[in-house]
Amino acid sequence: MNLSAIKNRIIYFLCVINPFSFLIKSHSYVIAYFDDLTPSGIADRLRHCLSLYIYCKKFNLRFKIFHKTPFALEEILTPVFDWSMNELNGSSPIRHKIKIYIWSKYKSGDISKNAETKLQYRQLRTSITRKNVEYYVAGNLHLEERYWCEAFDELFAPNSFIKKSLEALDLPYSYDAVTLRFQQLLGDFKEGQFEILTASEQEDLMNKSRNKIIQLYEAGYFSNQTILVTSDSLKFLNAIKSLSFVKIINGEMAHPGYS
């Protein structure tokens, strides 16, 4: 093993395994931070919260979430414990506040997912080092994906509005789910600078997508007889809801980073 490989393993051990976690400054707050400039969607935002929460548990740090725009996260997910921050300057008597930005690039192909996970750990470990500091971490972390389900249950519970909405779907105990992300292709969902297809191209894409779901269903690909289809395009959902085996979620679509 060459020196470079040995060095990388030592860094990974210190940043990820962390045999010295008892030395971490437990009196600091680490806040998953979102503001008007946050471009990510709700899935990326939740992924960021879950990853940072898992990191804080590993290193004995106090965890909070500040998410007030374009809606307060508490409006849809009830805190299981007190992670909510109502004001940026009202969470604690701590005076020192530091912002950290960590963005994910592995989907662009510039870096592998595994390499970026190690890099994000290293960025957090080298940035969060001081006692009695509020660290505002913005971006879209993706750490410890295998623990996200457990972390979600430790952080969030659906509020009464979400519970009623789920009950209104009248879903069976077991069902399959299909999600289609069109971004701006179908022209009814604003997201960044993505392409919008012509009317004929939109119709062609919707037909291909609809026919593929029918094909998979008829071929026995799904485990259940009910398929919940979700999408960022209400136009597509309206085009597929007539299928007898499909259920959809009605409502207006919006991207929290661009709406």
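Colleague: Which residues do ring pairs link into a cluster with Tyr-33?

Modeller: In this predicted model, ring pairs join Tyr-33 with Phe-66 and Tyr-136 in a cluster.

Colleague: Where do Trp-83 and Phe-156 lie?

Modeller: Trp-83 belongs to the loop between strand E3 (77-79) and strand E4 (96-102), while Phe-156 is part of strand E6 (residues 156-158), so their pairing ties together parts that are 73 residues apart in sequence.

Colleague: Is Trp-83 buried or exposed, and what about Phe-156?

Modeller: Trp-83 counts as buried because its relative accessibility is 0%, and Phe-156 is buried as well, with a relative accessible area of 3%.

Colleague: What does the pair of Phe-182 and Phe-236 look like?

Modeller: Phe-182 and Phe-236 form a tilted pair, 5.2 Å centre to centre with 50° between the planes. This pair, too, links distant parts of the chain, since Phe-182 sits in the loop between strand E7 (176-180) and helix H6 (199-218) and Phe-236 in helix H7 (residues 234-240), 54 residues apart. Phe-182 is buried, with a relative accessible area of 5%, and Phe-236 is buried at 0%.

Colleague: Switching topic, which ring does the charged end of Arg-125 sit over?

Modeller: The charged end of Arg-125 is placed over the ring of Phe-59, 5.0 Å from the centre of that ring.

Colleague: Now the helices: at roughly what angle do the axes of H2 and H4 cross?

Modeller: The axes of helix H2 (residues 42-58) and helix H4 (residues 148-155) come within 10 Å and cross at roughly 90°, and H2 and H4 are therefore roughly perpendicular to each other.

Colleague: Which residues meet there?

Modeller: From H2 the residues include Leu-46, Leu-50, Tyr-53 and Lys-57, and they belong to a set that meets residues of H4, among them Trp-148, Ala-151, Phe-152 and Leu-155. Sorted by class, the contact of H2 with H4 has 9 nonpolar, 1 polar and 4 charged residues.

Colleague: Stepping back, how many helices and strands are there, and what share of the residues is buried?

Modeller: The secondary structure comes to 7 helices and 9 strands, and buried residues make up 40% of the 259 residues in the protein. Among contacts with a separation of 6 or more, residues 24 or more positions apart account for 68%.

Key: Residues are numbered from 1 along each chain as its sequence is written. This is a predicted model: local features need pLDDT of at least 70, side-chain atom pairs count only at pLDDT 80 or more; totals for chains, interfaces and linings use all residues. Side-chain values use heavy atoms; hydrogens and water are left out. Axes are lines fitted to C-alpha atoms, for helices over the stretch in contact, and angles run from 0 to 180 degrees between N-to-C directions. Helices (H or I, at least four residues) and strands (E, at least two) are DSSP runs, numbered from the N terminus. Angles under 35 degrees count as roughly parallel, over 145 as roughly antiparallel, 65 to 115 as roughly perpendicular and the rest as oblique. Contact means heavy atoms within 4.5 Å. Ala, Val, Leu, Ile, Met, Phe, Trp, Tyr, Cys and Pro count as nonpolar, Asp, Glu, Lys and Arg as charged, and the others, Gly among them, as polar. Buried means under 20% relative accessible area, exposed over 50%, partly exposed in between (1.4 Å probe, protein chains only). Rings of Phe, Tyr and Trp (its six-membered ring) pair if their centres lie within 6.5 Å; planes under 30 degrees apart count as stacked, over 60 as edge-to-face and the rest as tilted. A charge sits over a ring if NZ of Lys or CZ of Arg is within 6 Å of the ring centre and within 35 degrees of the ring normal.
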